[in-house]
Amino acid sequence: MICKDQHDAGEYLPKINITVHNNEQSDDNTSLSEIMHSLSLRKTQKADLDYVLQAEYDDDNRQYIIPWSYQQHLQAIADSDIAHLIVQTEIKIGYVILAGLLNLNQSIEFRRIVITQKGQGYGKDTVEIIKKLVFETYKAHRLWLDVKEQNHRAQAVYKGAGFVVEGKLRECLKSENGYDSLIMMSVLQPEYEILASAAKNGGFSS
């Protein structure tokens with residue numbers, strides 16, 4: 001068992017201040033501005049599911065995931081093997097689903113990430129906070145995911161976060177346009193430790 005007290009895990013969900021560097025010129029002609037993102041996670045509640053479903057079925061998101069029904073999300077919220085989480089700043093900015101919290105091999109699946117506030121770096125920042133949760137709170141050995149082959153933006157984010165490509169499931173999903181392939185990726189706990197140490201030594205806040 002990875003998270004012994006999963007029903008009480010919400011109080012241990014991390015809040016992380018992330019400094020994001022923006023190379024655009026500011027009003028005072030400063031070439032490098034810094035914006036502080038304060039991201040936090042909390043357990044998804046039944047009252048959040050309208051937001052979750054609206055985000056999931058948005059045209060910009062649904063092409064890259066397999067949308068769930070209201071009942072599937074409701075069951076996931078109650079499942080001790082799944083962490084269904086809202087990502088937020090002052091407002092909701094997305095949600096995440098992790099699965100395999102009780103996996104005896106200490107391997108957790110990063111099943112889903114949907115960000116509604118796009119173009120602000122929240123996707124990248126959320127991946128970092130999820131790695132911290134999985135490896136430091138849930139004490140997993142491996143975090144893995146699959147991503148549609150045509151979702152090049154997501155693959156770039158995952159590679160930048162230290163995920164390694166393990167292989168491809170060729171044309172394993174039937175879609176409206178034929179069949180989609182999935183790219184399998186993972187990051188291991190020792191690799192996470194190296195990345196976290198390098199980020200700390202490089203002066204990045206997390």
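Two strands are taken to pair if DSSP finds at least two bridges between them. By that criterion S3 and S4 pair in the antiparallel sense, over seven bridges. The structure is a predicted model, and its chain has six helices and eight strands. Of the 206 residues in the chain, 40% are buried.

**Overall architecture**

- Along the sequence, the elements follow the pattern β-β-α-α-α-β-β-β-α-β-α-β-β-α.
- Among contacts between residues at least 6 apart in sequence, 57% join residues at least 24 apart.
- The accessible surface of the chain comes to about 11800 Å², and carbon and sulfur atoms account for 47% of that surface.

**Strands S3, S4 and S5**

- A hairpin of three residues joins S3 to S4, and within this pair Ile82 stands opposite Ala99 of S4.
- S4 also pairs with S5 in the antiparallel sense, over six bridges.

**The hairpin of S7 and S8**

- Strand S7 covers residues 164-175 and strand S8 covers residues 178-188; the two pair in the antiparallel sense over eight bridges.
- Two residues lie between S7 and S8 in this hairpin.
- Ser175 has Gly178 as its bridge partner in S8.

- His84 belongs to strand S3, which spans residues 82-88.
- Because its relative accessible area is 4%, under the 20% limit, His84 counts as buried.
- The side chain of His84 makes a polar contact with the side chain of Thr44, at 2.8 Å.
- A polar contact also links the side chain of His84 to the side chain of His73, at 2.9 Å.
- Leaving out residues up to four places away in sequence, His84 touches Arg42, Lys43, Thr44, Val52, His73, Ala76, Ile77, Tyr95, Val96 and Ile97.

**Helix H4**

- Helix H4 has 16 residues, numbered 122-137.
- From its first C-alpha to its last, H4 reaches 21 Å, close to the 22 Å expected at 1.5 Å a residue.
- The buried residues of H4 are Tyr122, Asp125, Thr126, Val127, Ile129, Ile130, Lys131, Leu133, Val134 and Phe135.
- An α-helix has 3.6 residues a turn, so residues three or four places apart point the same way.
- Lys139, which follows H4, has a positive phi, near 60°.

**Nonpolar cores**

- In soluble globular proteins, nonpolar side chains tend to be buried together.
- The largest nonpolar core has 32 residues, and those with the most contacts inside it are Leu98, Phe110, Ile130, Leu143, Tyr158 and Phe163.
- At least two residues of this core come from each of S2 (33-43), S3, S4 (92-99), S5 (107-115), H4, S6 (142-148), helix H5 (152-160) and S8.
- H4 gives the most to this core, with seven residues.
- Apart from this core lies another, of 13 residues, including Leu49, Ile65, Ile82 and Tyr95.
- Leu143, listed among the residues with the most contacts inside the largest core, is in contact with Ile108, Glu109, Phe110, Ile130, Lys131, Val134, Phe135, Phe163, Met185, Ser186 and Val187, leaving aside its neighbours within four places in sequence.

**Positive phi angles at residues other than glycine**

- Most residues other than glycine have a negative phi.
- Gln106 is not a glycine, yet its phi is positive, about 55°.
- Gln106 is placed in the loop between S4 and S5, and it counts as partly exposed because its relative accessibility is 35%, between the limits of 20% and 50%.
- Glu171 is likewise not a glycine and has a positive phi, of about 45°.
- Glu171 is placed in strand S7, and it counts as exposed because its relative accessible area of 54% is over 50%.

Methods. Residues numbered from 1 in each chain as written. Predicted model: local features only at pLDDT ≥ 70, side-chain atom pairs only at ≥ 80, totals over all residues. Heavy atoms only, no water. Helix = DSSP H or I, 4+ residues; strand = E, 2+ residues; numbered from the N terminus. Buried < 20%, exposed > 50% of the residue type's maximum accessible area, 1.4 Å probe, protein only. Contact = heavy atoms within 4.5 Å. Areas by Shrake-Rupley, 256 points an atom, 1.4 Å probe, with all protein chains shown as cover. Expected span 1.5 Å × (residues − 1). Polar contact = N/O pair within 3.5 Å; in protein donor to acceptor, adjacent residues only side chain to side chain. Core = buried A, V, L, I, M, F, W, Y, C linked by side-chain atoms within 4.5 Å.
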